[in-house]
Amino acid sequence: MLKTLIASLPRTLLLAALCLAPLAQVHAQAQMGSGRIGFVATERLMTESKMAKTADARIQAEFSKRQKVVEETVMKLKQSSEKFDNEAAGLNDVERTRRARELLNMEKDVQRMQREFQEDLMQRKNEERAAIATRAYKIIEQVAEQEKLDAVLAEAAWSSPRIDITDKILKLLDK
């Protein structure tokens, strides 16, 4: 394990240096006074804004009936499976095979239903997030121009609260 860690260390350091090089350049420019940067926590925009909360409520309402149907179907499968397990010993081979096949088909249908539900739900969430992102990026661009920022970072391992403009963007997004 130690050999693996040591062998991968140079590659990790190289990767870290490559990732940090652009940030170092931006930081150097900011230190010279020729550039200003801002930071936006985009995930906060996607969870804390009124648009995001409204979208979540809309999606919840849109998918609640379908989710209930999926949950009920899962319960039916579970009950049928338990019933089969209890009665299997007393069934003849033909009946046991028929019911096992029915359960298998029912399980496939439930899995397909769950998969389709999850895919549709994720697609709707992605559509709503894309609408929020489009609006947010326009606002970020406006704020960057107003405050004469040279760069606005959307992801960072750490950022100073001094350059964080997330709250300002949230307020403007909520208008």
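Student: Which residues does Ser49 touch, not counting residues up to four places away in sequence?

Tutor: In this predicted model, local features need pLDDT of at least 70 and side-chain atom pairs 80 or more, while totals for chains, interfaces and linings use all residues. Residues are numbered from 1 along each chain as its sequence is written, and side-chain values use heavy atoms, without hydrogens and water. Ser49 lies in the loop between H2 and H3 (helices are DSSP runs of H or I with at least four residues, strands of E with at least two, numbered from the N terminus). With contact meaning heavy atoms within 4.5 Å, Ser49 touches Arg44, Ile132, Leu170, Leu173 and Asp174.

Student: Does Ser49 count as buried or exposed?

Tutor: The side chain of Ser49 reaches the backbone oxygen of Leu45 at 2.8 Å. Buried means under 20% relative accessible area and exposed over 50%, with partly exposed in between, using a 1.4 Å probe and protein chains only. Because its relative accessibility is 0%, Ser49 counts as buried.

Student: Which elements do the buried residues of H5 pack against?

Tutor: In helix H5 (residues 166-174), the buried residues are Thr166, Ile169, Leu170 and Leu173. They cover an arc of only 105 degrees around the axis (taken from the directions to the C-beta atoms), and therefore lie on the same side of H5. These buried residues pack against strand S1 (37-39) and helices H2 (42-48), H3 (50-87) and H4 (93-146).

Student: Where in the chain do the buried Phe63 and Phe117 lie?

Tutor: Both Phe63 and Phe117 are buried.

Note on methods:
A polar contact is a pair of N or O atoms within 3.5 Å; within protein, one must be able to donate a hydrogen and the other to accept it, and residues adjacent in sequence count only if both atoms are side-chain atoms.
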